[in-house]
Structure formats: structure tokens, C-alpha cells
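Please look at the model before reading on.

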Amino acid sequence: MASLTISAERGRVAETDFAPGPILLLGAPGVGKGTQAKELVKLWGIPQISTGDLLRANVAQGTPLGKAAKEIMARGELVPDSLVEEMAEQRLHEPDTEKGYILDGFPRTLGQAAWLDGKLAAESLPVVAVSIHVDYNQLLRRITGRQNCPVCQTIYNVFVNPPRREGLCDVEGAGLVQRADDTEEVFKERMRAYEALTAPVVEHYRSLGRFAEVDGDRPIAEIAASIVATVERLREGSS
Ligand code: AMP
């Protein structure tokens, strides 16, 4: 707890002179990438770019991309690289990405990683990658217990991080919802896709350096403090 306060202070001071740059949060479904990305957003004021969230927004709006992605996502498979890259391309050009951004759930294949590396080659700050690790059984518990607030997007878990009032968001009071793909059956397919296609991406960034792995089976604030310290340390060697 104390270390997060210290890091949070450093983060706030850093807001004026510390550019976090592009940050990748890697890890299997349910490790807490979204939760941790939101902690970093609060600290550094840079956006979270979640390809999963962007795809779900497209599905909800019924765009052509959403229509192409809906069934694939429901099965727990990966949406084709070309579609996700086009979506990422647009998002990365928005002006709020200037001081950096947190990519959550992208890249998920070696093809997407090659595309991103090519795009980032011209940037002044190289990417830093943090992989969050949690055991399989713990992931299953997290996925099947996960509930989100449809208004403020706060993520809860009925087992490990429940709301104060069952089924209701602490902040908004809105009824919590479960993602359609947060079932045991779809989780197993998402894990298969992760092991086959995304685990090699983690190895790719490990081999490039500016990479660290953090233990995700700890309180949220403790993990956030580790990630902040890790990014600051990895950035020291960047410039
Ligand atoms: P997430 O919210 O990150 O767990 O993503 C939910 C689903 O969206 C995944 O199971 C995939 O079907 C799809 N998806 C999200 N990001 C990507 C990506 N980078 N590449 C391919 N499919 C993705």
C-alpha cells in the first residue's frame, strides 16, 4: 500500500516531465490487464487502448467490423489481424496518445506484433512490455466471477473483489453485467488461442529487452505499484 502511495506521488510529479510512452500489458485472459491499465490511466493520464473494448463497442453499435467480429469473439477465437490492426491504426492516431498509451490485449499474434513494431520504429520512445502472470485455476475463477459496470466500466469479481452491494456498482449503483465470453467453455477456447498465438508474442518482447514479468496474484494496488516501478526502471534505459 505504502509503495503505491510513493509511486503514485512519483507518477503525479512525473505527469509534467515523465512521458510513459507506449506500454504493452501482456498476459492470459483474466490476469487483470484491464484493471491494471485503469490504475495506470489514473496515475499517468495516458489512455488505455483495449482492442477487446473497442471490438465490443463495434459489436454494440452494429458496425461492419462489429458484425464480422461478433461470432468470432463469442467462440473465444481471435479476430483476424487485418481487422484489429485497422482499428488500432485509427485509435493510435488520436491526439491523446502523444505522451504514451497502454495497449491492453494487443498485440495478440506475432503478425500484430510485427505490425506494431513497424509502426513504433519511428517513435522517439521504444515500447516497454509488462507481462502479468496468474495460474490457470485462479484465472478460471476470475473469469467466471467477473462482473463489469456498464456505466463506468469498473471491473469486480464476486470471489476476489466483490462490490459492496451484490450485483451493483459501488460508484454508479448500476446493475453489474457479465461479458458473454466469460464462461468456462469460452474461457478454455480463449486460453487455447492464448497458448498457441499470444504466448509467442510474450517471448518476442522478452527477447527484445525492456520487458518484465510481474506476479498478478496479489492485491490490485500492490500489482499496480510493481508495474509502475517496472515501467520507470525500464524507461531509465530508454533515452
Ligand atoms: P479481451 O477483452 O481482451 O479479453 O478480448 C475479447 C475478445 O476480443 C477476444 O477473445 C478476441 O476474440 C477479441 N480480441 C481482442 N483483442 C484482440 C486482438 N488483439 N486480436 C484478435 N482478437 C482480439
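## Charges

How far apart are the mean positions of the 27 positive and 34 negative charges of the protein? They are 3 Å apart.

## Source of the model

The model is predicted: local features need pLDDT of at least 70, side-chain atom pairs count only at pLDDT 80 or more, and totals for chains, interfaces and linings use all residues. Residues are numbered from 1 along each chain as its sequence is written, and side-chain values use heavy atoms, without hydrogens and water.

## Overall fold

The protein has nine helices and seven strands (DSSP runs numbered from the N terminus: H or I of at least four residues for helices, E of at least two for strands). Its radius of gyration is 17 Å, close to the 18 Å that the globule rule gives for 239 residues, so the protein is as compact as a globular protein of that length. The radius is taken over C-alpha atoms, and the rule is 2.2 Å times the number of residues to the power 0.38. The C-alpha trace spans about 45 × 40 × 35 Å along its principal axes.

Of the 239 residues, 49% are buried (under 20% relative accessible area, 1.4 Å probe, protein chains only).

## Helix α9

Helix α9 covers residues 220-236. Of its 17 residues, 12 are buried, including Ile223, Val228, Glu232 and Arg235.

Terms used: Buried means under 20% relative accessible area, exposed over 50%, partly exposed in between (1.4 Å probe, protein chains only). Lys and Arg count as positive and Asp and Glu as negative; His and the chain ends are not counted. The place of a charge is taken as NZ of Lys, CZ of Arg, CG of Asp or CD of Glu. The expected span of a helix is 1.5 Å times one less than its number of residues.
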